[in-house]
Amino acid sequence: MTATKDSGQKARTGGVRDSVLMGIGFLSFFDRFATPPMLLVLADRTGLSLGEAVGLVAAYSLFYALGQPLWGFVSDRFGRVSVLRTALTGLLIAAAASTILSSYVPLLVARSAAGLMAGCLYPTLLTIIGDTRTGIEKARGLSDLQVYSSLGTTAATLAAGSLAAFTDWRLVFGLPALGCLALLFSLRHTHDAATHLRGRADFRRAFSGAALVVYGIAVLEGAVLMGVLTYIVPALQDAGVPIALAGVLAAGYGVGVIVGARIMRRLVRRFSRTRLMGIGGGVIIAAYAVSALSQDPAALAVTSLLIGATNAVLHSSLQGWATEVAPEARATTVALFAGSLFLGSSLGTFLTAGYADERQYGVIFLLGLVAAVVLTAVVTFAHAGWERRRA
């Protein structure tokens with residue numbers, strides 16, 4: 001980035017500085033992925049069963065999903081920065097509450113509230129990029145956001161388990177509260193007038209046939225990508241890997257996203273979005289084929305890496321589709337897309353929690369493989385049909 005005035009203006013996305021935009025992306029994914037690596041430690045030190053600890057993750061994802069329609073409506077009606085400030089304040093309170101609670105029901109309520117508030121952040125960032133960028137610049141913006149969100153995922157995966165094991169699990173919940181404070185301070189001079197195109201939103205467009213197809217695909221993708229990803233660290237620990245090393249191996253997910261995002265910058269110039277979806281689908285099929293056959297540390301590390309790579313290719317392509325399928329109600333559409341994604345994640349986690357309690361991780365990854373094949377077929381054919389109708 002140059003130091004010229006024009007470049008300085010371009011460094012702002014919809015009135016929100018790029019550094020703040022990416023910082024919110026980092027925070028939202030750190031908070032989302034910090035709990036899975038410390039599931040066993042959390043269960044041991046709070047007296048929860050592993051199934052109850054998994055339930056905290058599932059409840060977080062569920063409320064993340066359920067809040068999406070509300071956040072999208074408010075964002076389209078009142079502005080992007082307003083909802084960012086509201087959500088960051090709510091997440092601060094919920095994260096702080098999570099540090100002082102230890103029994104199951106109160107902690108479940110606190111994590112559900114955290115999911116509800118955090119659910120606003122990433123979809124709003126996607127909406128801002130969709131509002132203010134087009135074409136290659138939009139693809140690059142989404143790619144950059146993926147990099148920073150993956151750094152948040154990587155930091156959570158690497159550090160959360162070790163922090164919980166060697167200090168206190170409460171620290172893992174407290175760090176996002178501090179991040180919220182810093183980001184709220186950074187947003188103090190940002191105004192809604194600069195963050196999105198004004199005009200009357202047509203909310204009916206968010207429920208068009210094409211949009212509903214995108215939401216349905218997002219449910220399946222959430223179960224395949226995020227629902228199954230939850231079990232990487234527990235599976236590594238079940239294989240006898242120490243928690244600190246398990247975090248390092250599982251952090252291959254973040255490496256995969258970062259590398260995949262850089263590759264995506266080149267692929268987007270050479271292939272159509274439909275083909276990119278097919279490529280990403282092929283990668284996720286390979287990822288779960290490896291871990292369905294073996295749950296040794298090397299296989300699980302490869303799976304984590306490949307899930308990250310397909311996230312950068314398949315998921316970012318699906319994100320781009322979500323920002324275009326109903327531009328007349330973009331925030332609502334993107335919010336419903338994100339809500340569907342995390343609803344799928346929650347459903348995937350709930351449906352497989354019983355297998356986790358019985359340590360049947362091979363069954364979980366086999367189910368992921370089957371679902372990945374279905375996802376790849378559905379998303380490529382559906383997007384190709386949408387492109388033909390739009391032409």
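Which residues form a nonpolar patch on the surface? L171, L175, L178 and L181 do, with about 350 Å² of accessible area together (Shrake-Rupley method, 1.4 Å probe); patch residues have over 30% relative accessible area and no salt bridge, with nonpolar side chains joined within 5 Å. The model is predicted, so local features need pLDDT of at least 70 and side-chain atom pairs pLDDT 80 or more, while totals for chains, interfaces and linings use all residues. Residues are numbered from 1 along each chain, and side-chain values use heavy atoms, without hydrogens and water.

The helices discussed are DSSP runs (H or I, at least four residues).

| Helix | Residues |
|---|---|
| α2 | 18-33 |
| α4 | 50-66 |
| α7 | 104-118 |
| α10 | 169-186 |

The axes of α2 and α4, fitted to C-alpha atoms, come within 10 Å and cross at roughly 140°. In α2, S28, D31 and R32 meet V57, Y60 and S61 of α4 (heavy atoms within 4.5 Å).

D31 also joins R111 in a salt bridge at 3.7 Å, N to O (Lys or Arg side-chain nitrogen within 4 Å of an Asp or Glu carboxyl oxygen), and the two residues are 80 residues apart.

How values were computed: Patches are made of residues with over 30% relative accessible area and no salt bridge: like charges are joined within 9 Å, nonpolar side chains (Val, Leu, Ile, Met, Phe, Trp, Tyr) within 5 Å. Axes are lines fitted to C-alpha atoms, for helices over the stretch in contact, and angles run from 0 to 180 degrees between N-to-C directions.
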